[in-house]
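Hi everyone, thanks for coming. I'd like to walk you through one model today, so let me put it on the screen.

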Amino acid sequence: MSTELLQAAAETNQWWAIGPEMILGCAALGLLVLEIVMPKDKRKLIPHVAMMTLLVVLAGVGLNFDTEWKDQELFGGLILLTDAGQVARVFFLLSSLLVCYFGTVCLPRARAPRVEFYHIVLVVTAALMLLAQSNHFVMFFVALETVTIGFYILVGYYRESTRSLEAGLKYLVLGALSSAIMLFGIVLIYGAVGKVGLEGGAHTGFEFSVVADFLRHHPDNFLATAGALLVLGGVAFKIGAFPFQIWIPDVYQGAPTPVTAFLAVSSKAAGFAVLLTLVHRVFAPLEGVLVPLLSLLAAATIIMGNLSALTQHNTKRLMGLSGVSHAGYLLLGVTASISVPWAAGAVWFYLFTYMLASMAVFGVMAHLAGADDADQELEHYERLARDRPFLGAVLAIGVGSLAGIPPLAGFMGKLLLFVAAFQAHLYWLLAVALGSVVVSIYYYFGWIKAAFFESWQPSGNATSPSVRPVPAAPSWVGVAVMATLALATVLLGFYQAPLTSWLLK
Amino acid sequence: MLTNAHLLQLAIATPLVAALIIACGLPKRFSIRLAAIAFTVPALIALWLWSKFPAAGAQNYSFLSTTDTGLSAFGLSLKLGLNGIALPMFLLAAIVGLAAGLYALRSQAERLKLYLLLLLVMHGGLLGVFASVDVFFFYFFHELALIPTFIMVGIWGGRDRNYAAMKLTIYLTAGAMLSLTGLIAIYVKSGANSFDLITLRETLTADPLRVTTQKYIFGLLMFGFGILVSLWPLHTWAPLGYGAAPSSTAMLHAGVLKKFGLYGLVQIALPLLPAGAAEWAWKLALLAGFGNVLVVGFITMAQRDLKQMLGYSSVMHMGYCFLGIACLSTIGSGGVILLMVAHGLSVALLFLLATSVHHRTHTFDLAEMGGLAQKTPVLAALFLAGTMASIGLPGFANFWGELTIFVALWNFSPWITAVAVAGVVISAIYGLRAATRVFFGPPSEALQRVMAEHPPADLDWRERLPALILLAALFFFGFYPRALSEPVNQALTAPPTVVTAPASFHR
């Protein structure tokens, strides 16, 4: 290897370009140090340090949104900063900020380590951000595994809860399986594309552009196509698409509520960020296979998610299974985006509205959960609107937005996806989606019903027969956070300019 | 400068802003006063705009204003304005909203603040529906008004409220989804890249869609809107929902919100998809004529519950409106608008009075009632007037609507006209029989006991005022129908708003 080569490689190592991720990584380590250094009574501040870091990084990314490294291959082709990547960074930072806040609400209730949670969340956030910018299958896989391993720990975080441990184990086994599938796919692609000789060290069959180039010239190469499908299968596991959705209800129920929120929002969004990159940049030449495959996947996911959510009484399982149907709607958008380019922006718009609404609902759930975090039943919401009107209102707005009821943001998200699907001529898929929206009204409305409509109780029996946790009063920060989420959901329903001017350029 | 266009925006914004202020925790006493103002302001503005409505505006729309909400790249922006069809409906929404609001102010409902808040949101949505020139916002405001309905039925509803709320939600969401699909289909297929009704009309008049496409889209809209208007056999949510709904909600929904679908058919579907409408006209006429008018008419006759009976009768009267639309003629569509306004006023009046009857008799069962006229003469007089209006007696606005539709229907098919006229007889039978049962004859033993315990008082002013507002409007339009027919006629006959070439579809 000559020195010029090393020099050329070093020139593309623009460390500032991944500054946000590096700050997060350093801060994560810093948190652990702080736990050792700080006196015991001051350790309550550690979560705030984590949140401040996220906030600062978020501000930094926001200020440098149009960076000078945009659309350049960095680190010898490992990373490519794009507009979508920047949007993803903002998304993951926002979502992690909220997850950390929910952590401060939920974690003190259980006997669990207090600092590691924030450490892992920061590391996972950095990995998520790198994942969205990866331009190379090695980078892609390493970032993805960092995320996944972080989640293995987080899901089983309540070590004294059997549910949490069970969820952790299930996620570990199935997650490892999906990683193996994906790795096998990457290897097949490598085998088909790569020249094993290391001349110049460039054409290794891992770079996205090289793979895309190869597929363009050999669109019917069996090995590469099979590899592509296996990689997509691995991604489908992340987003919880049919038939890889079986892990969702148990894991969502067992995981601590903040982690459930993290899984439901960030992990799913990461899957879609990756999917959009793969579909548009890497596997674009396989359009003929992708469109029918993704349509089928979307339809099955929508139907499966909605039907299985119908009978759920546990709110965490409900969020999980209804989340599956949201993944289906998003897949519809991804499918449409193959022929209607602006639909990719619509997918991100939907993801943002989904984050706002889901986080509002998870915020309410975090305040309602009792000692047993996995035991959150619909019946516990009885009289919520009367006892805690604020939580009731936030819940109604969040659930309403998830159901896609106008004038809330979720409806606008669905509308954009449906218009895109119409323009992409996906008529039968659209019919499935519209029918499912009606079905989903049943269970979402049931939730609102549980919180708002009082069922008849025998008058002599004043105390409710089932023992249910008393909803905690949100602190003023909690009120501010949830009010912001709810208000943003309402305002985006009326006035979409803040997001659309940014996402749908 | 405050122009009339601003006033139109103000009329829609007032109830919504008032609802927001109440939501922020205004004390109950002030909430009630604020709500009273917020219900009155739109009514005053509507009357003012009606008096200022010009003989002809640009593209037939007046008071136009456009606000960009961030999706203008998709041709989607909040465009408000009124044309000759929208104006009467806007006026109807404002008047019924005022009456329902005034009635709700003094109601004994628990959680009154939430009740008023939801009612205000609903009112704002209703006003928005008829003032929207943008097809998307037309749908959007409808949903804004619809959601509070579900919640109000669920919280303050009567018997079976949980079941009714769920059924209402699922039916109406299904209808809304179908119509949304139809509207998106128009948007995509027209190629205008705009949800603006004026642009869509111009594009589709110059370059109509293929007949098969029109047929599919009109079918989507017909059934989508049809569910929302309770087209037979998809009507079963209506009597159940109205039976369970609290009175102000029932007044606003049956009186105004339900007309959304018909308004959509007249304002959007007929002018944009004339050939599609021609394909479906006979099917619609048969469904409405035999289903809504005859079958539901007979079902109404068999009702024992006063509120259910009113619910069924409103389903039946919607049949006339569908028949008017099926005529595909200017005069038929004009009749639909007249009848919608008249029916909205009369059904709201009857729902209000039915609740007043219930307060005095503690039952909705017609078989148990009787003899109320002696105790409460004013209530009896108003109820009879409302019943007469709903039957379509001359002197009330309903008469002109039904007459116009029958005239148009004769050109369409004399046989269907015969069915429709038979419907008038049916509605006279059940209407008058209900009025007799409630107010005349001896009361049942159970009722005598109730009346001995709570001697019934006649209507007080909080009930009388909204009822008189509605009745006055019914009389006014009954004796001076030109107030409505002139703008309607102007909107329906002027290009490019021509509904269809009238001669070509007469059979």
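I'll go through the core, a helix pair and the chain contact in turn.

Please keep in mind that this is a predicted model.

Let's start inside. The largest nonpolar core has 395 residues, and the members that touch the most others are Phe90(B), Leu345(B) and Ala348(B). Which helix gives the most to this core? That is H14 of chain A, residues 343-368, with 21 residues.

Now stay with Leu345(B) for a moment. Beyond its neighbours within four places in sequence, Leu345(B) is in contact with Leu92(B), Ile95(B) and Val96(B), and also with Ala397(B), Leu470(B), Ala473(B) and Leu474(B).

Next, the helix pair. In chain B, H3 (residues 86-105) packs with H4 (residues 112-131) at an angle of about 170 degrees, and their axes are 8 Å apart. Because that angle is over 145 degrees, H3(B) is roughly antiparallel to H4(B). On the H3(B) side, the residues that meet H4(B) include Phe90(B), Gly97(B) and Gly101(B), while the H4(B) side includes Tyr115(B), His123(B) and Phe130(B). By class, this contact has 14 nonpolar residues, 3 polar and no charged ones.

Finally, where the chains meet. Chain B brings 22 residues to the contact and chain A brings 23 residues. On the chain B side, the elements giving two or more residues are strand E1 (62-71), helix H5 (135-156) and helix H6 (161-190). H6(B) gives the most there, with 11 residues.

Thanks, everyone, and I'm happy to take questions.

Technical notes
Residues are numbered from 1 along each chain as its sequence is written. Chains are lettered from A and ligands numbered from 1 in the order in which they are written. This is a predicted model: local features need pLDDT of at least 70, side-chain atom pairs count only at pLDDT 80 or more; totals for chains, interfaces and linings use all residues. A nonpolar core is a set of buried Ala, Val, Leu, Ile, Met, Phe, Trp, Tyr and Cys residues joined through C-beta atoms within 7 Å. A residue is buried if 20 or more other C-beta atoms lie within 10 Å of its own, exposed if 12 or fewer, and partly exposed in between; C-beta atoms are placed from the backbone. Helices (H or I, at least four residues) and strands (E, at least two) are DSSP runs, numbered from the N terminus. Two residues are in contact if their C-beta atoms, placed from the backbone, lie within 7 Å. Axes are lines fitted to C-alpha atoms, for helices over the stretch in contact, and angles run from 0 to 180 degrees between N-to-C directions. Angles under 35 degrees count as roughly parallel, over 145 as roughly antiparallel, 65 to 115 as roughly perpendicular and the rest as oblique. Ala, Val, Leu, Ile, Met, Phe, Trp, Tyr, Cys and Pro count as nonpolar, Asp, Glu, Lys and Arg as charged, and the others, Gly among them, as polar.
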